[in-house]
Amino acid sequence: MPQTIVVKIGTSSLTRDGQLALSSLAALVETLTRLRSRGNRVILVSSGAVGVGCARLNLLERPQHIALKQAVAAVGQGRLMRVYDDLFSSLRQPIAQVLLTRRDLIERSSYLNAKNTFQELLRLGVVPIVNENDTVAVEELQLNFGDNDTLSALVASLIEADWLFLLTDVDRLYSDDPRRNPDAQPISLVNADQLAQLQVQTGTSGSQWGTGGMATKLTAARIATNAGVRVAIAQGKIPENIEKILKGKLIGTQFEPQPRPENARKRWIAHGLVAMGKLYLDSGAVRAICHQGKSLLAAGITQVEGEFQTSDATILCDFQGREIARGIVNYSSAEIQKIQGQRSERIPLILGYAGADTVVHRDNLAILKR
Ligand SMILES: Nc1ncnc2c1ncn2[C@@H]1O[C@H](COP(=O)(O)OP(=O)(O)O)[C@@H](O)[C@H]1O
Ligand SMILES: N[C@@H](CCC(=O)OP(=O)(O)O)C(=O)O
């Protein structure tokens, strides 16, 4: 049966010795075109703008300064698309460039717009090639994805993909960074419960040109599996393995998905929005929202972290700080500090005006299943 497949390829697999790894790229393009010709819907999330831009400008290191990085990405993105277009065109596969910023997914209307555009492109048989719009992404304001692993998981959630393939320069996830620890143990299959408990050493920086290392891939796996997407980490230089994995072979590391949340708006609350703060709940409130489908009342809140406004998204966590849900709040952080632990009838007395009975209404609450 045709499937919706998101493939993310990292800089470390796209480049070799600072230049484009053309043979890997060609193999990837052949694989994706074959998947398309069998009726699958295919999206490629490709890093490489900064890496390719550096090669073009003879820069020997990934720039740290934001403006320089953004300028270099502008050089590299065009070059990268030119190479993709040449390769895909020789197989008569049309492609499209989709550049997204975090901001585009926060606004519900632009989130839905992006979704509609993807759907239309896929209906037309096009392979959209997605990257973060690096030249305008605002790093300081947490309004960037930070890495394309997260972006690919959000795209997979947005379009309700069946699979997310994270192609990188190692063949799978290990218990530790295999480059530093020769005794690192390979991990083949992670089910949804194991992912929540998974203890692996991931490093934070990635390889010379990649960002984030395995840590961001695990974050991506959490987001995607929570949205009902099956995830595989596999080696970028052997993209043909994607087809073997789709046929049921256990190659690389696979992460089993949670049941897909029915409600599309709640998926957006869970994954599209950026949480601006954190609310700590007592055990009664955790039970009420997770197991009884109730709204969050002020009485169950024990602590407020961060500064946020009414209608912002927040993380809801248990007393140990473990995230259990995300929700859109009816009160600002300053207001919640005043009403936390109080019964709803007392809210008008405390604040001096009548507000909502709930701090987060159940329609605006997305429970994380892990
Ligand atoms: N537990 C781990 N298992 C596998 N690889 C790991 C682990 N921890 C860190 N790494 C490192 O992560 C790197 C891949 O991350 P990164 O360079 O960001 O890749 P990409 O460019 O594909 O996103 C690998 O080269 C590997 O050295
Ligand atoms: N948007 C950036 C992506 C950076 C990034 O996430 O890189 P990687 O860790 O190699 O996937 C670029 O195109 O260079």
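Before starting, one term: two strands count as paired if DSSP finds at least two bridges between them. Also keep in mind that this is a predicted model.

**Exercise 1. Work out the strand order of the open sheet of 5 strands, and find which strands sit at its edges.**

Step 1. Follow the pairing from strand to strand. You get S14-S13-S15-S16-S17, and the pairing is mixed.

Step 2. Look for strands that pair on one side only. These are S14 (301–305) and S17 (365–367), the edge strands.

Step 3. Check how the neighbours are turned. On average, neighbouring strands of this sheet make an angle of 25 degrees with each other, direction ignored.

Step 4. Zoom in on one pair. S13 (residues 275–281) runs antiparallel to S14, with 4 bridges between them. In that pairing, Leu279 faces Val304 of S14.

**Exercise 2. Describe how helix H11 (residues 264–272) sits on this sheet and what covers its buried residues.**

Step 1. Find the strands that H11 touches: S16 (323–328) and S17. The direction of H11 makes about 110 degrees with that of S16.

Step 2. List the buried residues of H11. They are Arg267, Trp268, Ile269, Ala270, His271 and Gly272.

Step 3. See what lies over them. The cover includes S16 and S17, along with helices H5 (102–106), H6 (108–123), H7 (148–158) and H9 (213–226).

Step 4. Go to the N-terminal end of H11. Asn263 caps it, with a side-chain oxygen 2.9 Å from the backbone nitrogen of Arg265.

**Exercise 3. Look at the salt bridge between Arg34 and Glu243, and decide for each partner: buried or partly exposed?**

Step 1. Start with the general idea: side chains of opposite charge can pair when their charged atoms come close.

Step 2. Check the distance. The closest N and O atoms of Arg34 and Glu243 are 2.8 Å apart.

Step 3. Arg34 belongs to helix H2 (residues 22–37) and Glu243 to helix H10 (residues 241–246); the pair is 209 residues apart and links distant parts of the chain.

Step 4. Apply the cut-off: under 20% relative accessible area is buried, over 50% is exposed, and in between is partly exposed. Arg34 has 31% relative accessibility, so Arg34 counts as partly exposed. Glu243 has 11%, so Glu243 counts as buried.

Step 5. Take in some other salt bridges. The structure holds 14 of them. One of these joins Asp171 and Arg172, at 3.6 Å from N to O. Here Asp171 is partly exposed because its relative accessibility is 27%, and Arg172 is partly exposed as well, at 22%. Another joins Arg322 to Asp318, with the closest N and O atoms 2.9 Å apart. Asp318 has a relative accessible area of 8%, so Asp318 is buried. Finally, Lys8, Asp149 and Lys217 form one network through salt bridges that share partners.

**Exercise 4. Find where Leu91 lies and which residues Leu91 touches.**

Step 1. Locate Leu91 in the loop between helix H4 (66–90) and strand S5 (95–100).

Step 2. Judge its accessibility. The relative accessible area is 38%, so Leu91 is partly exposed.

Step 3. Look for its contacts, not counting residues up to four places away in sequence: Val29, Glu30 and Thr33. Leu91 and Thr33 are 58 residues apart in sequence, with their C-alpha atoms 7.3 Å apart in space.

Note on methods
Residues numbered from 1 in each chain as written. Chains lettered and ligands numbered in written order. Predicted model: local features only at pLDDT ≥ 70, side-chain atom pairs only at ≥ 80, totals over all residues. Heavy atoms only, no water. Helix = DSSP H or I, 4+ residues; strand = E, 2+ residues; numbered from the N terminus. Axes fitted to C-alpha atoms, helices over the stretch in contact; angles between N-to-C directions. Contact = heavy atoms within 4.5 Å. Buried < 20%, exposed > 50% of the residue type's maximum accessible area, 1.4 Å probe, protein only. Polar contact = N/O pair within 3.5 Å; in protein donor to acceptor, adjacent residues only side chain to side chain. Salt bridge = Lys/Arg side-chain N within 4 Å of Asp/Glu carboxyl O.
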